[in-house]
Amino acid sequence: VISGPRAGAPFFNLILVRLLIFCLGVVVNQAAVAQPPQPDNPPPASAKWESARDGLWIQLARLGNDQVKAFLVGRGVPLESAQRFASACVFATVLRNASSRGAIAYDVRDWRINIPGMAPRSIKTREKWMKASTTGELTQAARMGFEWSQLPTTQTLEKEDSMQGMTAYELPPGSRFDLLFSWRTAGRTHHGKIQGVRCAQAD
Amino acid sequence: VRKPINRFFVALAGCVLAAWMLAGHADAPQLLTPVNEKPRAPDLTMENVDGGNVRLASLHGKVVLVNFWATWCAPCRREMPAMERLNRIMKDKPFAIVAINAGEGVDEVFSFRGSVDPMPTFQLLLDPKGDAMAAFEVKGLPTTFILNRQGQIVYRAVGGRKFDDPRIIATLQALADAP
């Protein structure tokens with residue numbers, strides 16, 4: 001007969017272990033639910049770079065020159081313009097508000113790329129790419145497709161919001177760089193860095 | 001006997017706390033962002049791919065989901081079937097969906113519609129110059145606005161959504177049932 005102050009210990013230890021296993025299951029399940037959406041037809045894992053911190057999830061997925069060129073020509077962008085953009089080191093870029101604290105806001109004009117041995121430089125925005133296209137060179141449909149497929153320069157993302165679009169870094173094929181990005185949430189500016197991003201090789 | 005019971009309750013409390021915290025972060029209920037100012041939606045007239053024009057103001061009296069999209073936009077394509085399912089769920093309510101295409105032609109939109117399952121039966125409108133996107137101050141695709149029955153913008157969603165999510169349906173039904 002088991003008696004005394006330790007009589008219930010084995011029973012409660014068993015319950016404790018089962019409870020912890022259950023908790024672990026909940027954690028694993030919830031973590032899986034919280035995964036951000038993946039882009040269609042994702043490129044090989046080695047061609048994606050991600051960062052998740054302080055409420056922002058960001059992913060860069062490398063796009064091949066031919067892939068970008070075909071997309072733009074399909075929208076009606078003349079081959080020469082399409083080639084110019086496609087060869088400028090293009091990434092499908094996705095941002096998502098993963099914060100529980102409210103809205104996040106980004107401005108691509110504040111972002112920089114860092115190349116070893118060189119001073120940090122700014123990123124050519126959607127507006128600058130559109131300005132660089134000669135007036136009259138693009139039809140209305142081509143202009144719309146070209147402009148709206150690029151990442152918006154500024155955006156405020158509320159909880160659950162996400163945004164995506166192409167970003168082009170004007171670097172030679174195969175270049176390696178670090179992306180220095182920033183965003184604001186709850187009145188604070190946060191800074192992040194994605195290291196060792198590599199442009200597509202020339203086709 | 002007190003010691004094991006204490007450990008049991010401490011573990012239980014920890015478990016409850018962990019589940020609550022994770023639920024708060026991973027399964028946030030706010031799928032549409034309220035627009036507190038409730039501005040009046042722009043009154044625009046756009047071409048319908050099925051012919052004729054549609055004036056947004058003619059939909060006053062209904063809750064209207066205004067979705068900006070393009071056939072080449074992956075999250076836009078993904079949310080189309082759920083929008084049609086929502087349309088069917090809301091068929092007995094004063095509710096309408098207008099999906100405004102960014103800069104593409106009738107042929108592209110028409111052939112895309114045929115590829116969606118279930119096929120959209122809501123109105124697909126054309127915005128060839130981006131005038132509607134400018135009027136609604138859209139910055140990227142997809143972006144969606146919910147108008148109440150008075151034609152005011154009351155919710156916004158930037159990026160893709162699963163529009164047949166029960167929480168979104170409940171929000172829209174409440175709006176449709178409001179006077």
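Is Cys73(B) buried or exposed, and what is its relative accessibility? Cys73(B) counts as buried because its relative accessibility is 4%; buried means under 20% relative accessible area, exposed over 50%, partly exposed in between (1.4 Å probe, protein chains only).

Before going on, a few ground rules. This is a predicted model, where local features need pLDDT of at least 70 and side-chain atom pairs count only at pLDDT 80 or more, while totals for chains, interfaces and linings use all residues. Side-chain values use heavy atoms, with hydrogens and water left out, residues are numbered from 1 along each chain as its sequence is written, and chains are lettered from A and ligands numbered from 1 in the order in which they are written.

**Exercise 1. Find the partner of Cys73(B) and describe the link.**

Step 1: Cys73(B) forms a disulfide with Cys76(B), S to S 2.1 Å; the cut-off for a disulfide is a pair of cysteine sulfur atoms within 2.5 Å.

**Exercise 2. Work out what the Cys89(A) to Cys199(A) disulfide ties together.**

Step 1: The sulfurs of Cys89(A) and Cys199(A) sit 2.1 Å apart in a disulfide.
Step 2: Cys89(A) is in the loop between α3 (79-86) and β3 (90-97) of chain A, and Cys199(A) is in the segment after β10 (188-198), so the bond ties together parts 110 residues apart in sequence. (Helices are DSSP runs of H or I, at least four residues, and strands are runs of E, at least two, numbered from the N terminus.)
Step 3: This link is left-handed, with -85° about the S-S bond, and both cysteines, Cys89(A) and Cys199(A), are buried.
Step 4: Over all chains, the disulfide count is 2.

**Exercise 3. Trace the strands that pair with β8(B).**

Step 1: β1 (residues 33-34) of chain B runs antiparallel to β8 (residues 153-158) over 2 bridges; pairing needs at least two DSSP bridges between the strands.
Step 2: Within this pair, Thr33(B) bridges to Arg156(B).
Step 3: β7 (residues 143-147) of chain B also pairs with β8(B), antiparallel over 5 bridges, and Thr143(B) has Val158(B) as its bridge partner.
Step 4: Look at the turn: the β7(B)/β8(B) hairpin has 5 residues between the strands, and Gly151(B) takes a positive phi near 85°.
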